[in-house]
Amino acid sequence: MSKAAPVHVPMDQFDIDGQQLLIGGQSLEQIAALLDKEVFYAYDSKVIKKQIDVFHQHIPAAIKLHYAIKANPYPALINKMRPWVEGFDVASHKEMLLALQSGMPSQDISFAGPAKQLAEIRAAIVAGVTLHIESETELARAVEIGQSLGIQPIVAFRVNPAFELKASGMKMGGGPKQFGIDEERLFELLPDLDYRQFQFRGFHIFWGSQNLKQEAIIEAHINTFALAQKLLDVTPVPTQTINLGGGFGIPYFAGEQRLDLAPIGDNLKQLLNQYPQLGEVELVIELGRFLVAEAGIYASRITDIKTSRGQTFVMTNGGLHHHLSNSGNFGQVIRKNYPVAIGNKMTSPATEDKIMAVGPLCTPLDTLADKMLLPQAEIGDWLVVFQSGAYGPTASPQDFLGHPHVAEIIL
Ligand SMILES: Cc1ncc(COP(=O)(O)O)c(C=O)c1O
């Protein structure tokens, strides 16, 4: 018996009206008219809120949820999310300003990222944002700048743990890393630091991203709690906050399933019982794509259709310059298809023809869909790429070949 080909999880997070995909109740044609743009990202705020509710349904209330703005720094989306999460994590001066201007209190904003520039450190100190310190030099700089300003920097140490997140496309901890300070070095430093030079906030233990394996995340949490307890034990001053990392993934490709947060939450409850001292510290999980990726689509207009030696090519006004990650060039080893659809033919059956959907760039890398089954496409239809709410426009080379930038909207 031959095995069925893997399929994408159903994109059932959005409503459909007849043939029309709806984002926040609007068809793609309506969104295009609203924006006066023929190629855009649209984010459905209800879907973001639902993901946040799923988090709270399973993860113990003692653990706070922060949004990592890097996943999608569209200002209107940040402003919408502000009352729904308990903090923002930022990775640059610009993200920090967006977070502050959303009204998020500075004590709930943390700034992580290697190679912070002096101006970034200075701005974070002035703002009262927590600096996640990534090196010993960075600590010395924060102290010096703080002294020159007459403001104590608020400091948490980003730890490069000795353990790794298993089964993850993107590891940010374990082994030699540019992120954080190695845990063994921190154990040497922590007992003897001059804690009068800064406001000590706590630790940031971040190990990776885009993980869909419950067991791997559970193992990372077990290791994180053990490490956090050891850090507390050697730190001579009280610890206020421990950021437990993030890493929750979303299904992009055929054969992948949505992450089940129930066993992850059960394990966290058990860890909170096992480590009562940690239960007294503010605990945070920081997530980017898990909160926003499923809520976003990328829509481009089909402007031409042609056949080359038997292969159908559907050509659109969108492409890699707007959506690098869908093209497979943002961390994938082998390109795989995101789920796609014709957004104005949602209930039409697929034809037998495996189509290539491509953009306007002069490179075969500019592929939106590679040999996928879709309903009969016509010029004027909307090609939709799902799972596009994270690492979209700001993670794409929008100026490549000088085509127009993409529009965004949250509904
Ligand atoms: C420190 C830190 N926090 C959060 C994230 C967000 O990851 P994700 O969007 O996969 O949740 C990243 C990803 O690079 C990161 O490096």
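**Ligand contacts and helix packing**

Tutor: A polar side-chain atom of S209 lies 2.5 Å from an oxygen atom of the ligand. This is a predicted model, in which local features need pLDDT of at least 70 and side-chain atom pairs count only at pLDDT 80 or more, while totals for chains, interfaces and linings use all residues. Residues are numbered from 1 along each chain as its sequence is written, and side-chain values use heavy atoms, with hydrogens and water left out.

Student: Which ligand atom is 2.8 Å from a polar backbone atom of G288?

Tutor: An oxygen atom of the ligand. An oxygen atom of the ligand is also 2.8 Å from an N or O atom in the side chain of R289. Taken alone the ligand exposes 390 Å², of which the protein buries 93% (accessible areas by the Shrake-Rupley method with a 1.4 Å probe; for residues, only the protein chains shown count as cover).

Student: Why are α8 and α9 called roughly parallel?

Tutor: Helix α8 (residues 214-234) and helix α9 (residues 261-274) pack at about 15°, with axes 9 Å apart. Axes are lines fitted to C-alpha atoms, for helices over the stretch in contact, and angles run from 0 to 180 degrees between N-to-C directions. Angles under 35 degrees count as roughly parallel, over 145 as roughly antiparallel, 65 to 115 as roughly perpendicular and the rest as oblique. The pair is therefore roughly parallel.

Note on methods. Polar contact = N/O pair within 3.5 Å; in protein donor to acceptor, adjacent residues only side chain to side chain. Helix = DSSP H or I, 4+ residues; strand = E, 2+ residues; numbered from the N terminus.
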